[in-house]
Amino acid sequence: MIMEKIAELFIILILVSVVLNVSSPFLKFAIKLYSFQSLMLAFYIFMGAIHFNSINLYGSFAITVIFKVILIPYFLFKTLKRVKMDKEIDMYIGIPEAVVFAGSLTLLSNLIAQKIIKIGLTFGSFVFTIALATFLIGAMLMITRKTLFSQIIGFLTIDNAIFLAGNSITHGMPLLVELGVLFDLFVSILILSILILNLRRNVAS
Amino acid sequence: MTHDKPNIIYRHFFSYLSILSAAFFTFLSLYNYNNEFILQSSLVDFSFKFSPFSILFVIFISLISIFISIFSVKYGEKYDKRPSLFIYAFFFILSMVILVISNDMLTFLIFWELMSIFSFLLVIYEGNEEARKAGFLYFLMTHIGTVLITASFIMLYLKTSSFSFDYYKGAAGIIILAAAITGFSIKAGIMPFHTWLPYAHPVAPANISAAMSGIMVNMAIYGILKFLFVFSSGSGSFLGIILLIIGALSGLFGIMYAMAQKDIKKLLAFSTIENMGIIFMGIGLSYWALVENFKSLEYLAMLAVLLHIVSHGLSKSSLFMGSGLIDKYTHTRNMEKLGGLSKKMGQLSVLFLIGVMSISAMPPLSGFLSEWYLYISLISSVFTGNLYMVYFSIIAIALLSLTGAAAGATFTKLFGITFLGRPRTENAEIAVEPHIIERIGIALPVLLCIFIGIYPYKIIASLNAVIFYLTGGTVSPYPLSAVHIINARPFSLYLPALVIIAFAAILSIVIFYLKIYSSNKKRIFETWACGLDEKNLKAQYSGGGFSSSIMKVFSSFYSSVSEINFEKDVKKYFRSKSVYTEEINDIFEKYIYIPIEKLYLKVSEIFNKMVNSENINISLGYLFLSLITCFILYIFIIK
Amino acid sequence: MNYNAEHLALGCIQFFIIVLLAPFFAGFIHKLKQRARGQKGINILQFYINFNKLLKKEVVLSKDATLISSLAPYIVFVSYLLILLMLPAFYRYSLLGVSSDVILIAYSLALATFFMTLYAMDQGSAFGGLGASREWFLTVLSEPSLIFIFISLAIYTKQGRITDIFYFIQNGAENAFLSGAHSSSVSIAIPFLLFISLFIVSISENARIPIDNPETHLELTMFHEANILEASGKHLGIYEYGSYLKLTIFLTIMSLILFPYMAVNIYQVPLALTTYFIKMIILCGLIAGVEIVNPKMRVFRAPNVLSVSFILSLIAMILSIRGF
């Protein structure tokens with residue numbers, strides 16, 4: 001019971017970090033937020049692991065911490081340092097509007113979640129709402145921001161959302177699938193970093 | 001001397017006549033509670049009925065027109081040269097009073113049209129270019145509305161084959177309701193149809209603006225309530241949701257545009273749009289609850305609507321009268337030229353302040369009471385748990401709270417720039433305290449605002465008769481609670497009398513304490529200006545500057561054009577002057593009305609070319625063609 | 001609620017204790033900040049001394065001042081006192097608890113802002129107009145979030161009065177965590193979300209650092225201070241005291257959202273009072289921490305932060321309607 005309530009707190013913090021991400025143009029802060037968000041996701045999985053006493057979820061927790069909280073942010077920081085960007089200036093809509101838009105996406109996703117998911121099916125009562133909202137806001141980040149770096153952050157946010165939804169409904173995915181997904185993600189981040197660096201080098205010269 | 005002012009008699013005669021007839025109708029309606037009678041003439045029969053709903057409006061119109069007439073007794077002296085104003089005004093008020101007691105469609109439409117025509121004549125009364133333009137727009141828009149209203153009445157007639165309202169109960173389906181609501185909302189100035197309102201209300205003389213904003217727009221609300229709660233067949237809950245959202249948006253846009261205005265009367269006109277939006281929210285909520293059968297929510301929202309009609313009518317008419325006095329004694333309505341009026345017009349400024357507080361919903365005045373009821377009904381509509389309504393009410397709460405905060409900013413600007421500080425130009429310096437009769441005309445509605453705000457139990461008890469007539473239930477007047485949607489206990493309580501007593505008690509304790517324990521020395525000195533000797537009175541903060549930061553955040557609401565003109569060949573710090581102009585355009589006007597106008601002109605030009613040819617045979621051919629079309633229409637559609 | 005003598009007496013005591021403690025909390029935050037910057041810091045009771053001193057000074061009124069100037073300080077001060085009359089802090093039955101409607105509280109704050117800004121514009125000083133304009137700029141952005149937070153609380157607990165709201169949260173927490181009863185209406189996440197949102201709002205409403213700097217006396221950077229620039233003597237005194245009261249109001253609401261513990265009878269009062277005091281000290285530390293870490297931001301970045309607070313309270317409201 002209490003595990004579930006605490007788990008809800010962690011999910012809420014995921015959404016808070018996404019909204020903060022929308023509200024801030026700073027890239028360093030965005031990466032930190034992503035790391036924080038993944039940590040909250042990991043804690044959520046950990047709570048689920050204690051609650052269901054499932055070894056699968058413990059493994060999932062460990063992988064999430066290693067990949068999402070440490071490795072991916074580390075590489076992103078490294079790339080950021082090399083390309084010397086600190087702020088996203090090019091946005092299609094202003095920040096307050098984007099934040100309000102994110103709020104309305106949450107409203108929409110709650111409506112959808114209420115229609116398709118019954119209470120009690122998931123671990124934590126509004127996980128699916130938050131997962132859907134995180135997904136939509138991540139997509140919005142990718143659409144409204146112009147630089148590749150912010151788009152990567154948006155992409156990672158979407159990935160976190162899918163991860164969250166996957167872990168909430170099925171008591172965890174099979175560990176092998178999870179590992180595969182994470183490895184894919186990791187490789188794509190590496191490729192994207194190289195792409196950014198090369199782009200920078202070619203355009204700058 | 002008698003030769004110079006022969007027309008003074010008109011002013012006095014018609015003002016007193018208005019007061020007397022308003023009083024007469026009040027007593028008539030109270031005496032004939034629930035009676036009906038028919039006035040037969042050779043052409044049409046006029047039938048009237050005094051239902052509680054009509055009586056509320058009769059009393060409401062009569063009260064405010066009495067206040068306005070008292071005010072006009074003195075204020076009208078500058079219109080003595082053309083006394084037609086007083087005649088029109090009298091008939092304008094009369095037609096509105098008869099409108100609300102009429103009990104058949106023909107009477108209703110005749111007096112609706114009379115009201116529109118007299119208000120049109122009053123709008124163009126000043127006769128200048130601006131007034132004529134506004135008058136034309138008003139005439140056009142109001143008749144589009146009338147067409148829709150007439151159409152809905154004709155549909156009702158076809159359905160029931162009767163002219164009398166008695167047979168219309170439960171007859172109106174969704175199409176009829178939609179047509180009628182659209183027609184009436186043009187008159188109410190709801191957002192997409194509001195364009196005429198900010199032009200027409202300011203150009204009329206102030207007492208007429210007060211009547212138009214305080215009373216006439218509410219006639220549209222009367223019509224909508226009649227259609228939705230008396231004639232409606234009780235279907236289409238989505239209509240309620242649409243009204244709620246349109247109302248909320250209208251409120252927000254109205255107040256945002258009000259904030260951008262420099263002209264006092266234009267600001268007030270936009271604020272009317274805002275308040276109509278708030279009333280629409282209540283109506284939408286109440287109608288939704290009617291269809292979805294949430295009884296206590298329906299009553300509560302209806303109470304919010306009726307209270308807001310009353311409190312808006314009172315405070316808005318007093319503010320318009322106040323703005324008329326400012327115009328009369330300073331010869332300008334532009335607040336950037338005013339300032340410091342509160343030293344010259346001490347009592348007026350206090351009355352104006354209370355009016356401003358009431359309309360921006362500051363506790364404990366009547367504006368807050370109605371807004372409180374609206375908030376409570378919105379919250380309880382969230383509690384109904386209806387899947388869609390919950391989300392729409394949340395959006396409405398968001399928009400309403402933003403509207404409330406922006407209203408505070410707008411009216412702080414209005415009062416602060418106009419009445420406080422130092423006079424910006426000579427216009428403000430020549431102001432003197434208005435005549436006592438004018439002040440009385442403003443003081444009465446303001447006092448009523450305070451009374452309703454502090455001791456609302458009486459008025460809620462009387463409004464219950466109307467709520468019962470419209471919805472079949474009542475709201476408990478005491479204590480102010482009665483949200484029994486969740487369970488059988490009151491959801492929240494607001495006891496205005498208790499709060500105001502507590503406020504007064506602490507206030508007196510604080511003042512008493514400070515009188516004893518602090519120094520009572522006072523010194524009058526100059527305002528601090530960084531030690532500079534600032535003589536330029538225009539160096540004070542301007543109204544445009546006041547609202548510019550808020551407008552910058554909400555810039556997507558406006559389409560503004562600003563421009564700075566300066567001497568280009570002089571270096572930056574040596575320019576003797578630079579001129580800043582800013583024009584705030586209505587985005588609805590820019591993106592909807594002007595394109596429609598252009599399209600219309602284009603189409604009519606094409607038609608003009610086609611029809612007006614030299615060849616008479618072609619013209620005859622068109623005539624023939626249209627005749628045939630009419631026949632075909634008659635055969636296939638009407639039959 | 002039926003009031004008896006105990007309720008009234010304890011309500012009175014609660015009111016006076018909060019009113020008297022208010023300058024202490026403000027002074028404590030100030031002291032913490034100064035200590036963190038390496039300064040020696042003021043006396044922790046300095047704000048009481050200031051108030052006392054200001055009362056003894058003469059009032060200098062501008063020659064352009066009107067009735068508003070001599071009336072507004074009292075109305076602002078009394079509106080805050082009125083809210084404190086309604087607010088429970090460590091005792092469940094506040095004095096005006098019957099009528100402690102959340103919307104009334106939000107609009108009473110607006111009333112105080114209204115009069116303070118009118119005061120600012122009264123003397124015809126350009127700084128006053130600037131302060132009033134900025135104050136409303138912030139209020140237009142933060143007032144909706146404040147109302148939203150209150151309404152979210154009302155929807156979450158299905159109560160309309162602030163005393164009932166916190167009593168409900170307290171009861172729910174006790175039931176869920178002490179006796180382990182299964183109740184789906186209790187949540188940690190929603191109050192926490194509201195807490196974050198309210199924290200942002202209170203930073204902006206109380207003129208704290210990332211938004212405004214209460215210590216500055218450079219006119220162009222002032223928000224709150226520009227409004228009361230012309231005030232002197234006892235007027236300034238009660239304005240300052242009013243701002244401490246406002247801070248205390250926000251901190252108290254935050255403390256109750258975070259950890260609601262209110263006494264219901266006289267025997268629980270000492271413990272509840274101690275808890276309240278500790279909570280307030282922690283929150284003061286939090287505010288001081290935020291003020292030390294952050295630089296003051298540009299005026300037009302304030303909407304970014306305040307829109308986050310608005311949206312977080314919106315999310316809290318959306319999530320709390322899941323229950324029914």
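Some ground rules. Residues are numbered from 1 along each chain as its sequence is written, and chains are lettered from A, ligands numbered from 1, in the order in which they are written. In this predicted model, local features need pLDDT of at least 70, side-chain atom pairs count only at pLDDT 80 or more, and totals for chains, interfaces and linings use all residues.

Chain B, overall. It has 22 helices and 5 strands; these are DSSP runs, H or I of at least four residues for helices, E of at least two for strands, numbered from the N terminus. The radius of gyration of chain B is 26 Å, close to the 26 Å from the globule rule for 639 residues, so chain B is as compact as a globular protein of that length. That radius is taken over C-alpha atoms, and the rule is 2.2 Å times the number of residues to the power 0.38. Along the principal axes, the C-alpha atoms fill a box of roughly 90 × 75 × 60 Å.

How much of chain B is buried? Of its 639 residues, 53%. Buried means 20 or more other C-beta atoms within 10 Å of a residue's own; exposed means 12 or fewer, partly exposed lies in between, and C-beta atoms are placed from the backbone.

Now the core. The largest nonpolar core holds 399 residues, and A:V19, B:M96, B:L303 and C:F150 touch the most other members. Such a core is a set of buried Ala, Val, Leu, Ile, Met, Phe, Trp, Tyr and Cys residues joined through C-beta atoms within 7 Å. Helix α15 of chain B, residues 387–419, gives the largest share, 20 residues.

Take B:M96. Leaving out residues up to four places away in sequence, B:M96 touches B:I61, B:M115, B:I215, B:M216 and B:M219. Contact here means C-beta atoms, placed from the backbone, within 7 Å.

B:M115 is also one of the buried residues of α4(B). Others include B:F111, B:W112 and B:F118. The buried residues of α4(B) pack against β2 (45–49), α3 (84–101), α5 (129–160), α7 (197–203) and α8 (206–231) of chain B.

Last, the neighbours. Chain C gives 68 residues to its contact with chain B, and chain B gives 65. On the chain C side, α5(C) gives the most, with 17 residues. The contact between chains A and B takes 5 residues from chain A and 4 from chain B.

How values were computed:
Two residues are in contact if their C-beta atoms, placed from the backbone, lie within 7 Å.
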